[in-house]
Amino acid sequence: MAGRPRFLCGVVEGFYGRPWSMEQRKLLFQWLKRWGLNCYMYAPKDELKHRLLWREPYTEHEAACMQSLIEAAQEQGVEFVFAISAGQDMVFSSAGDRLLLQQKLRQVAAMGCHSFALLFDDIDPCMCQADRDVFPSLAQAQASVANEVYRELDQPSIFLFCPTEYCSSLCSPSPSQSCYLLTLGQELLPGISVIWTGPKVVSQELSATLLEEVEGVLQRRPIIWDNLYANDYDCRRVFLGPYTGRAPGLMPRLRGLLLNPNCELQANFIPIHTLGSWFRSELGSCAHSDHAGGRTPGQPSISLKGGTRLQPSTAGGQEVMPDAQPHDSVPSVADQDGPEPCSVAPGEGRKKVTSEPEKGSESRTPTGGRQSPTGDGDQLTTGSRESCEPSSALPSTAGSAQSTGTSVATETLHSPGPPMCCSNGANTSQNLPLPTSDARTGGGSSPQPPSSTQTEVSRADMPPKPPGPGACTSPGPPAPLTDEVGASPGPTAPLTPEETGSSPMALLTLEEAGSGPTVLLTPKEARTSPTAPLTPEEARFSPMASLTLGEVQMLVELFYLPYHHGPLAQHLLEHFRWLRANSLSVGVPATAPDDCEGMQWRGRAQSFQLLCAQTCRLHSHFVSSASRALLYDLHPYLWDIRNMLLAASAFVLWLDGHLLCDPDPKGTWGSCFGWCQSITAPILLGGDAEPWARRGGLFGELQALLPVGNSCDLFCHPPPLFPSSQLYLLHPLLPPDKGELYRMCQESLNCDPKVAEILAAYPDLLGDRLLGSFLSLSPEYTFVLEDEGGPCGYAAGALCAEGFLQQRDSSWLPAMRHKYPRDLGAGAPALGQDALEEALLFFHTEPPAVPLPVLRRFPSLVQLGTAPRVLDVGASRSLAICLLSALRANGSRGVFCQVSAADQQQLSFYSKLGFVALPVAWGISPGARLLGRLL
């Protein structure tokens, strides 16, 4: 390495979307110093004066802020590289544009910046006529500008150039035959380094062999702009997994490597931490190569914490060789000397991550990513803010040993094999136990309700209120993302007897599953928290329980890497795919209720339910425990997954005994999925596709497995401004639910004592008005939402509305007229009197007939309602999604509902679910409306 310029390794803020704040960048500099990284490139795509208004100089205030940022980086020993993206509208032959570019960079140089970058990525490769008259090619035009600026700045030691063809997939026909790259290699001055992202924009892996070709064409070692964690191309994805996919021995082929990370700063704790581990490992291997001899770069033998050793393998990578010590560590996301991403529960301790390089590169698509609304310095911690300060015992330069004498080898290191996540027996004790008691009786520990943010929000996002009748994981490698949404599920890896006894992903035995319906988790079981109590030391810094190590691992595995799922996400998908593919084994009519297939299905459904319950509990605990900055950065993604799993879990429970096994393939669920797959198949690319071809990640794959997965409007909703830790449970109707739902309907009505006296004498009146017909005539299409206080919402439907309405009018309504006298609500106007009178009017008036065209186009009827205390619109939408999925699975092609034209809350809620007003007059009053939507 002697005589070579310093290897740049750090972060480039190069994503589209809301740029980081100055305070967030200064926090990033602390992270970089702490983990031995040495470079930061300022290149936010949507910072106006970086790209769109690049000609405009910084104002006095802007210049002061920029100078403060440059000084903060220098204080932390971080090289500040100022980048400017002028290629969108620059006239390369214009002396005026060249002068403005040079003046802008000289202004930044006067602030103390010594390193610069010119970016010509993501621009139109066609030159204007004025440029075509002067330059024979785009490469010569860009090289001319870059060389002139480089000389004007007195040839700084760090001057980077990003070409328009910045990866192999953008080169025509290949990098070695690209006239553009060949010209750049010849024309650019030797001191200018060229940026490269690898084989693709988001490269799955980088190897020294792949870089040799680029080095030969450019006549210099490239600097990697690594987009492995960039998530600006998909607003539903964030990547928390370890830095991986980068082969050992890359440093001799590179000038540097800069990571373009998640748009959310707090989401980058693990990515940047493990990037530092990779850098230290590479430095160590190069030091071995230069001074010790006998071992090639990238093949060090390094001892890891816990006795694990990395040894060279015959394939050119490294193998993980356990020592004689027990290998039972749970992967952590921080080493002992670095800042902890969260407070660890007592007894779990801090254990080392054995993470490995994986695959990836960039995301250059103009799509904004979610950002934290605050710029505070909270780290990935749930406890003390003191942990935000860098430890003086940590190395400030890459590869240096700590002052305490601890070897760098004790830091988190990577091997080039497939990523791993481990679990041990100690950690699985945090998982939900398999329920053994009755579905409605709590047999576990006493509930520990999490705190709830009951902030008032717009009720327009919630379904109508009932009272207004008139108005942890098992071991396994991450799974690669699949292209086929309907791909057949692979079998789950068999578990050892020990794992079967402790893992929530273990399938139930045939005896445990039984032949009856799948056992539901009770609300008490769903609320049971595995978190160990806080120690007095922890309690001083956090009034709330902290995330456990297992919960951090779950969070990472849900949002792993762009080309791979973590084990938890993999198991969720495998279970759901298998349950969908084999759902007819528990359908109706049941051919053999006690057969092995049905019992196997129920066992797997129970395992899937447990995983869903764990994830929902993780969401609740995360809202209560996470720091403010971390919460606002990651909550939207976890909230999306929580909502999806609420609906998926309830739908799987409904499949047992309710899916119609119609021999006619028309209109069945299987036909629905075949049709969906045939539509989406042409847009799904092969294995070489960029990750944005797989929209939504885990969320998108789960959505595609639901019968209404092609109705994207059901799944798109902004996250709440005020996250709630309320824990919800969603399931099909159970016998004990009727009484509790009726009480919910009555308790939600504010009424005068006189009306309350009537309702006390007739406690079922409001419940019968809202739900009675559905519970009596169509209970199989009713779902119940529960929270800490019991049932708080319902979704009821009828598959064949025409037959349902006929039966209601002929048999159910006459029984209600006999049960509730017409003059029951007579009296002076009082609070609640209108709801009472509306219910009696509904019972004693002949209902109007629904127009036949409506019944033909929208054959199913739905009705949804929630208690006023339900402020989380995500739970309400999950309620609607599982009902619509059930109706669609049994062949419905459309649904309708009745609302009052004066009830703006109902109209708003249904419209956000994709319902539209049907142009027909219907109802008891002229103000009644029919809303419908297709499935």
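View 1. Y40 belongs to strand β2 (residues 39-42) and F80 to strand β3 (residues 79-84), so the pair links parts 40 residues apart in sequence. Strands are DSSP runs (E, at least two residues) and helices likewise (H or I, at least four), numbered from the N terminus. Y40 and F80 are both buried, meaning under 20% relative accessible area with a 1.4 Å probe, protein chains only.

This is a predicted model, where local features need pLDDT of at least 70, side-chain atom pairs count only at pLDDT 80 or more, and totals for chains, interfaces and linings use all residues. Residues are numbered from 1 along each chain as its sequence is written, and side-chain values use heavy atoms, leaving out hydrogens and water.

**View 2. The edge-to-face pair of Y910 and F915.** The ring centres of Y910 and F915 are 5.2 Å apart with planes at 70°, so this pair is edge-to-face. Y910 and F915 are both buried.

**View 3. Charges over rings.** R769 lies over the face of F842, 3.9 Å from the ring centre. The charged end of K45 sits over the ring of Y16, at 5.7 Å from its centre. The rule asks for NZ of Lys or CZ of Arg within 6 Å of the ring centre and within 35 degrees of the ring normal.

Definitions and conventions:
Buried means under 20% relative accessible area, exposed over 50%, partly exposed in between (1.4 Å probe, protein chains only). Rings of Phe, Tyr and Trp (its six-membered ring) pair if their centres lie within 6.5 Å; planes under 30 degrees apart count as stacked, over 60 as edge-to-face and the rest as tilted.
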